[in-house]
Amino acid sequence: MQYRTTTTGPARPVFFACLLAAFCISAPALANETLPILTLKLGSKQIQAEVADRDETRAQGLMHRESLPPDHGMLFVFEQTGMPCFWMKNTPLPLDIAFITDDGTISNIEAMQPFDLQSHCPVQPVRYALEMEQGWFKQANKKAGEKITGLPALKP
């Protein structure tokens with residue numbers, strides 16, 4: 001199947017110009033937004049995780065970040081269990097992502113390369129995803145099947 005676009009006069013370019021302007025104005029605001037931080041535990045390791053629990057903060061993620069402090073990451077929290085996939089658009093920092101089920105069990109961990117548009121997905125439905133600097137899970141000797149505690153309570 002082939003996709004075809006149609007232009008319907010001057011309104012179409014104006015719409016996209018307005019959309020682009022709105023994004024350019026809101027993107028820096030999101031980048032400077034202070035997110036809540038939770039202390040998570042994975043075995044004896046403590047993690048300071050920024051919590052991205054809204055569409056806007058999940059979409060922004062760790063974009064444009066050059067580094068993370070030691071043992072810091074970002075926890076993505078979803079309203080429902082699902083199969084969310086992640087990519088590294090506009091993210092210069094190499095990351096690992098742990099996909100986490102409702103009960104805190106890590107289902108799988110994936111390595112993600114800077115600026116890569118390849119999708120990284122869980123192997124089973126999850127409620128959370130935790131991004132850490134690439135190599136953190138390996139250095140901490142942590143793998144799929146282990147449980148993370150301190151996750152936010154699930155809303156019914």
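Because the model is predicted, local features need pLDDT of at least 70 and side-chain atom pairs count only at pLDDT 80 or more, while totals for chains, interfaces and linings use all residues. Residues are numbered from 1 along each chain as its sequence is written, and side-chain values use heavy atoms, with hydrogens and water left out.

The average pLDDT of the chain is 85, and 78% of the residues score at least 70; pLDDT is the predictor's confidence in each residue, from 0 to 100. Over residues 1-30 the pLDDT stays under 50, and the model has six contacts beyond four places in sequence for this stretch. A contact means heavy atoms within 4.5 Å.

Helices (H or I, at least four residues) and strands (E, at least two) are DSSP runs, numbered from the N terminus. Two strands pair if DSSP finds at least two bridges between them. Strand E2 (residues 45-52) runs parallel to E3, and five bridges join them. Here Ala 52 stands opposite Phe 76 in E3. E3 and E6 run antiparallel and are joined by six bridges; Met 74 stands opposite Glu 131 in E6. Pro 70 lies in the loop between helix H2 (55-60) and E3. Its C-alpha is 9.3 Å from that of Met 132, although Pro 70 and Met 132 are 62 residues apart in sequence. Pro 70 is exposed at 67% relative accessibility, where buried means under 20% relative accessible area, exposed over 50%, and partly exposed in between (1.4 Å probe, protein chains only).

The structure holds one disulfide, defined as a pair of cysteine sulfur atoms within 2.5 Å. Cys 85 and Cys 121 form this link, with an S to S distance of 1.9 Å. The link of Cys 85 and Cys 121 is right-handed, with 115° about the S-S bond.

The whole structure has four aromatic pairs. Rings of Phe, Tyr and Trp (its six-membered ring) pair if their centres lie within 6.5 Å; planes under 30 degrees apart count as stacked, over 60 as edge-to-face and the rest as tilted. Phe 78 and Phe 86 form an edge-to-face pair, 6.3 Å centre to centre with 80° between the planes. Both of these residues, Phe 78 and Phe 86, are buried. One aromatic cluster consists of Phe 76, Phe 78, Phe 86 and Phe 99.

There are eight salt bridges in the whole structure, each a side-chain nitrogen of Lys or Arg within 4 Å of a carboxyl oxygen of Asp or Glu. In one of them Asp 55 meets Arg 58 at 2.6 Å, N to O. Asp 55 and Arg 58 are three residues apart in helix H2, and therefore separated by about one helical turn. Asp 55 is exposed, at 56%, whereas Arg 58 is buried, at 11%. Asp 55, Arg 58 and Glu 79 are linked in a network of salt bridges. Another salt bridge joins Arg 127 and Asp 102 (3.6 Å, N to O). Arg 127 lies in strand E6 and Asp 102 in the loop between E4 and E5, so this pair ties together parts that are 25 residues apart in sequence. Arg 127 is buried, at 10%, and Asp 102 is partly exposed, at 35%.
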